[in-house]
Amino acid sequence: EFEDIIAAHESGLLRYVIRIVIDAAAAQDVVQETFVKLHRMWQADARPTENLRSWLYRVAHNTAIDHVRREKRLHRLHEQEAAERITLDSVAPANPGDPPERVHMVNEHLRCLDPAERQVLLLRMQEGLSYREISLVTGRTEGNVGCILYNAVKKINASLKQAGLIRKGGLP
């Protein structure tokens, strides 16, 4: 009887859930979890037989929404962790004598860069890697590393100028 219910409702639930989670594998997991919940209810002799179809869709919907929320939360946490790892706060300053305010100031202006620019700039300026070494780390060509570094320095320079921290000729 349980297999008949799965056969009758699985494809409809999958069509519905995939539009919520936008991922076929995740939709299969959600539908499977829906049937697991139904099976647990049946084992406890609490069978929703009168409105079984609506019960299945409601459980599938709630499970799908929980999945989407969990994925968004995990995505935000991963982005936050990646952003924290790439800032200078997580590594020693290039010059140990640099005051913390200066390191913080540089961190603030690094945020204007995209992740690839930050990575290349930090590998070059913070870690002292050559273009060749950066190329090996990032999987980019040396020419691309040079181009990214040039654009990153240009953006940082513009950001510092806009903040009034450097003049046209360089640092104050």
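Visitor: In which helix does His 9 lie?
Guide: This is a predicted model, in which local features need pLDDT of at least 70 and side-chain atom pairs count only at pLDDT 80 or more, while totals for chains, interfaces and linings use all residues. Residues are numbered from 1 along each chain as its sequence is written, and side-chain values use heavy atoms, with hydrogens and water left out. Helices are DSSP runs of H or I with at least four residues, numbered from the N terminus, and the one that holds His 9, spanning residues 2-21, is helix H1.

Visitor: Is His 9 buried or exposed?
Guide: Buried means under 20% relative accessible area, exposed means over 50%, and partly exposed lies in between, using a 1.4 Å probe and protein chains only. Since the relative accessible area of His 9 is 17%, the residue counts as buried.

Visitor: How many salt bridges does the structure hold?
Guide: A salt bridge here is a side-chain nitrogen of Lys or Arg within 4 Å of a carboxyl oxygen of Asp or Glu. By that rule, the number of salt bridges in the structure is three.

Visitor: Which residue meets Glu 117 in a salt bridge, and in which helix does that partner lie?
Guide: The side chain of Glu 117 pairs with that of Lys 155 at 3.0 Å, N to O. Glu 117 lies in helix H5 (residues 115-126), so the pair ties together parts that are 38 residues apart in sequence. Glu 117 is buried at 7% relative accessibility, whereas Lys 155 is partly exposed at 34%. The partner is therefore Lys 155, in helix H7.

Methods:
Helices (H or I, at least four residues) and strands (E, at least two) are DSSP runs, numbered from the N terminus.
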